Amino acid sequence: MILNVGGVMHNEGQYLPIDCVMPVPPDFDDTAKFCDLHVKGGVKNAAGAVTISFTADTVMRVPCDRCLEETEISVSAPFQAYLVFDKQNEDDETLLIVENERIDLLELALGAVFLELPAKRLCREDCKGMCQRCGANFNFEKCDCSESVGDPRFQKLSEYKFE
């Protein structure tokens, strides 16, 4: 979704509300399925300083990293930046360059969501995982596999007794 922010950037005191729902492109994350992205916030010009601030909310469906059960994880991503026509300070990451008085809201929202994605995607904090031999989900059942199989390359080390 392209936002035309020219009216806000040139008129002090102007406010452009943002409240929209956008689909997340299927290629955004290869391992997850996302529900629609809800973006709520606004663009305002206060004393010549133009800011955009919003929160992007979505729900992602992913396999749990430990037990592989599909789970839903809510993601809420805040975003805020100053809008400028040209970047005066190259090192300032809070500045967003506006070209042709338009900004791509979907691109900004997806960037914010990407930064909020959890590194470890778990069905619950105390997930017990699954058996690597038979695939039993330890959250729901026990298996009959031996507990400590170990790497066969290190079997010879098990013969040594350490004191």
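Trainee: What makes β4 and β5 a pair of strands?

Mentor: Strand β4 (residues 37-46) and β5 run antiparallel over nine bridges. Pairing takes at least two bridges, so β4 and β5 pair with their nine. Keep in mind that this is a predicted model.

Trainee: Which residue of β5 is the bridge partner of valine 39?

Mentor: Alanine 56 is the partner of valine 39.

Trainee: What stands out in the hairpin of β4 and β5?

Mentor: Two residues lie between the strands. Alanine 47 takes a positive phi there, near 55°.

Trainee: How do you know that β3 and β5 pair?

Mentor: Strand β3 (residues 33-34) and strand β5 (residues 49-63) share two bridges, in the antiparallel sense. The cut-off is at least two bridges, so β3 and β5 count as paired. Lysine 33 stands opposite arginine 61 in β5.

Trainee: How many bridges join β5 and β6?

Mentor: There are 13, and the sense is antiparallel. Strand β6 covers residues 70-84. Isoleucine 52 has alanine 81 in β6 as its bridge partner. The hairpin of β5 and β6 has six residues between the strands. In that turn, leucine 68 has a positive phi of about 70°.

Trainee: Why is cysteine 123 called partly exposed?

Mentor: Its relative accessibility is 29%. Buried means under 20%, and exposed means over 50%. Cysteine 123 falls in between, so it is partly exposed. Cysteine 145, at 22%, is partly exposed too.

Trainee: What makes phenylalanine 162 exposed?

Mentor: Its relative accessible area is 72%. Exposed means over 50%, so phenylalanine 162 is exposed. Phenylalanine 162 is found in the segment after α2 (105-116).

Trainee: Which residues form a nonpolar patch on the surface?

Mentor: Phe154, Leu157, Tyr160 and Phe162 form the patch. Together they have about 520 Å² of accessible area. Patch residues need over 30% relative accessible area, so phenylalanine 162 clears that cut-off with its 72%.

Key:
Residues are numbered from 1 along each chain as its sequence is written. This is a predicted model: local features need pLDDT of at least 70, side-chain atom pairs count only at pLDDT 80 or more; totals for chains, interfaces and linings use all residues. Side-chain values use heavy atoms; hydrogens and water are left out. Patches are made of residues with over 30% relative accessible area and no salt bridge: like charges are joined within 9 Å, nonpolar side chains (Val, Leu, Ile, Met, Phe, Trp, Tyr) within 5 Å. Accessible areas come from the Shrake-Rupley method with a 1.4 Å probe; for residues, only the protein chains shown count as cover. A salt bridge is a side-chain nitrogen of Lys or Arg within 4 Å of a carboxyl oxygen of Asp or Glu. Helices (H or I, at least four residues) and strands (E, at least two) are DSSP runs, numbered from the N terminus. Buried means under 20% relative accessible area, exposed over 50%, partly exposed in between (1.4 Å probe, protein chains only).
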